[in-house]
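Subject: Structure handover

Hello,

Here is the structure we discussed. Please open it alongside these notes.

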Amino acid sequence: MTNAPIWQWSAVETAGAIRNNEVTSEQVVRAHLDRMQAANPALNAVVVDLGVSAMKAAKAADEALAASKGKGGTVGPLHGVPVTIKINIDVEGQANSNGVVAFKDNIAPGDSPVTANLKKAGAIIIGLTNTPEFSLRGFTDNPLHGLTRNPWNADVTCGGSSGGAGASIAAGIGTIAHGNDIGGSLRWPAHCNGIATIKPTQGRIPAFNPSATAERPLMAQFMSSQGPLARHVADVRLGLEVMAQRDPRDPWYVPAPLTGPKPTAPVKVALARIPEDMATDRGVIALQRKAADHLADAGYAVSEVEVPDLNKVWQLWCDLIMTETRVLQQDQMLATTSADFQKTFRGFMALANPLDQAGYMKAIAERSRHIRNWMTFLEQYPLVLMPTSVRQTPEVNADLGGDQRVKELFWNDLRFISSMNVLGLPAAVVPVGLHEGLPVGVQIVGSRYREDMCLDAAEAIERKVGILVRQLWERR
């Protein structure tokens, strides 16, 4: 650890070094702010620099640590550690713009639960990261803050909607980044940027924005998750633990234990069979199969099988989210967004079956059947190893290529990602290697509230692959 620059340390290492007086929080935060100054101009990942307040918080953290040692007290698990927040959740006193010009002055009157939990754990927020308008694209660009670039290759996407979070972590800006995921917005940027994440079970991490003037549609609440992105799986685990603390403002929060019963060994893993209609990149699929070998080497029992109703589950996700958006949000979105957003939005709508009142109610009922099928399947195979994307990372703003290109991206390439949102199941992503110089990740899905098993498997892959972004840093 001491041979590497401070900004390259993991969150776990950084927190330990601060607690043990090996380094001060001021030194750590300064190192990350310097890294942000060096790396961010080429990326535009962090779009609100909170360096001034972060340095004040770091000084206060050092003073609090010294006082606690004198009294025999303890500090939080992220005491003095720098993190970032996606610009679509509330940080008191900052604008929650969600990438929309019309919301640039939407100042948050209080902290969201994730922000509050990070602060309670002692974390220091050094900046806010970029997202597309309304966080409703898989590509991170907007008229308010501009385009975010991928640190591996500026010509390909950093993903979305947590693209700023993913790019910042890969570049070494902050130790843990907050993001959220309603259709892949944690897992897709993790894949694109060569980092790790967990989309938790619905209800695991509390969510609420004090700045919101209306509640989100019901299925959007059930399909969206907050979560951490990091370079190390251990940091993802720590971020999950911190973010998952109770907040009474979220009625769907579930105080489930973060560690479940020890599974019977060997843990059976279903390697998801690729649907025949998917156009795939042979090199990407080969790397994902390599992840299966890594799990087998670690003692998991891996079998290739077909997962339940993947196509129907994806279509249900698309129909539900687009129906809610069309009925409750479309008018505001179209009145406040750019031509680029509206082009992609039309592509999304073309993928969905428009549901009337009865159709919407039937779709919600159908969701229960699909969840039941998957829960039964996960009794036999407690983990499922599946792709994030089945093809190489696409070019910047590839979704602006028309309705057919949108369909290729979200139905073909990312079908395995968005399907998991409608089911509310936990899903981790961990890098498995590089293909033609670009990161490839793999997704590990588990049963409800078994994030621990997903992350255990992710760590088994990480032990074989290593921390992928180190290869990025060595290139520079």
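One cut-off first: an angle over 145 degrees between two axes counts as roughly antiparallel. Keep in mind that this is a predicted model.

**Helix pair α8 and α15**

Helix α8 covers residues 233-243, and helix α15 covers residues 451-465. They pack at an angle of about 160 degrees. Their axes lie 9 Å apart. α8 and α15 are therefore roughly antiparallel to each other. The crossing of α8 past α15 is right-handed. On the α8 side, the contact is made by V233, A234, V236, R237 and L240. On the α15 side, E451, D452, L455, D456, A458, E459 and E462 take part. Sorted by class, this contact of α8 with α15 has six nonpolar residues, six charged ones and no polar ones.

**Nonpolar cores**

In soluble globular proteins, nonpolar side chains tend to be buried together. Here, the largest nonpolar core has 62 residues. L78, L118, L383 and L385 have the most contacts inside it. α15 supplies the largest share of this core, with seven residues.

L383 is worth a look. Leaving out residues up to four places away in sequence, L383 touches V267, K268, V269, A270, Y300 and L378, among others. The list for L383 also includes I444, V445, G446, M453, C454 and A457.

**Strand β2 and T84**

Which strand holds T84? T84 is found in β2, residues 82-86. T84 has 0% relative accessibility, so it counts as buried. Again leaving out residues up to four places away in sequence, T84 touches I126, G127, T129, S168, I173, I176, A177 and H178.

**Helix α1 and what follows**

Six residues are next. A11, T14, A15, G16, A17 and I18 of α1 are buried. The buried residues of α1 pack against α2, α3 (51-71), β4 (176-181) and α8. After α1 comes N21, with a positive phi near 60 degrees.

**Backbone points to check**

Most residues other than glycine have a negative phi, and most peptide bonds are trans. These spots depart from that:

- N21 is not a glycine, yet its phi is positive, near 60 degrees. N21 sits in the loop between α1 (11-19) and α2 (25-43). With a relative accessible area of 54%, N21 is exposed.
- N44 is not a glycine either, and its phi is positive, about 60 degrees. N44 is in the loop between α2 and β1 (46-49).
- G160 and S161 are joined by a cis peptide bond, with omega about 0 degrees. S161 is in the loop between β3 (124-129) and α5 (163-171).
- A265 and P266 are also joined by a cis peptide bond, with omega about -5 degrees. P266 is in the loop between α8 and β7 (268-272).

That covers the handover.

Best wishes

Technical notes. Residues numbered from 1 in each chain as written. Predicted model: local features only at pLDDT ≥ 70, side-chain atom pairs only at ≥ 80, totals over all residues. Heavy atoms only, no water. Axes fitted to C-alpha atoms, helices over the stretch in contact; angles between N-to-C directions. Helix = DSSP H or I, 4+ residues; strand = E, 2+ residues; numbered from the N terminus. Parallel < 35°, antiparallel > 145°, perpendicular 65-115°, else oblique. Left-handed = near helix turned anticlockwise from the far one by under 90°. Contact = heavy atoms within 4.5 Å. Nonpolar A, V, L, I, M, F, W, Y, C, P; charged D, E, K, R; others polar. Core = buried A, V, L, I, M, F, W, Y, C linked by side-chain atoms within 4.5 Å. Buried < 20%, exposed > 50% of the residue type's maximum accessible area, 1.4 Å probe, protein only.
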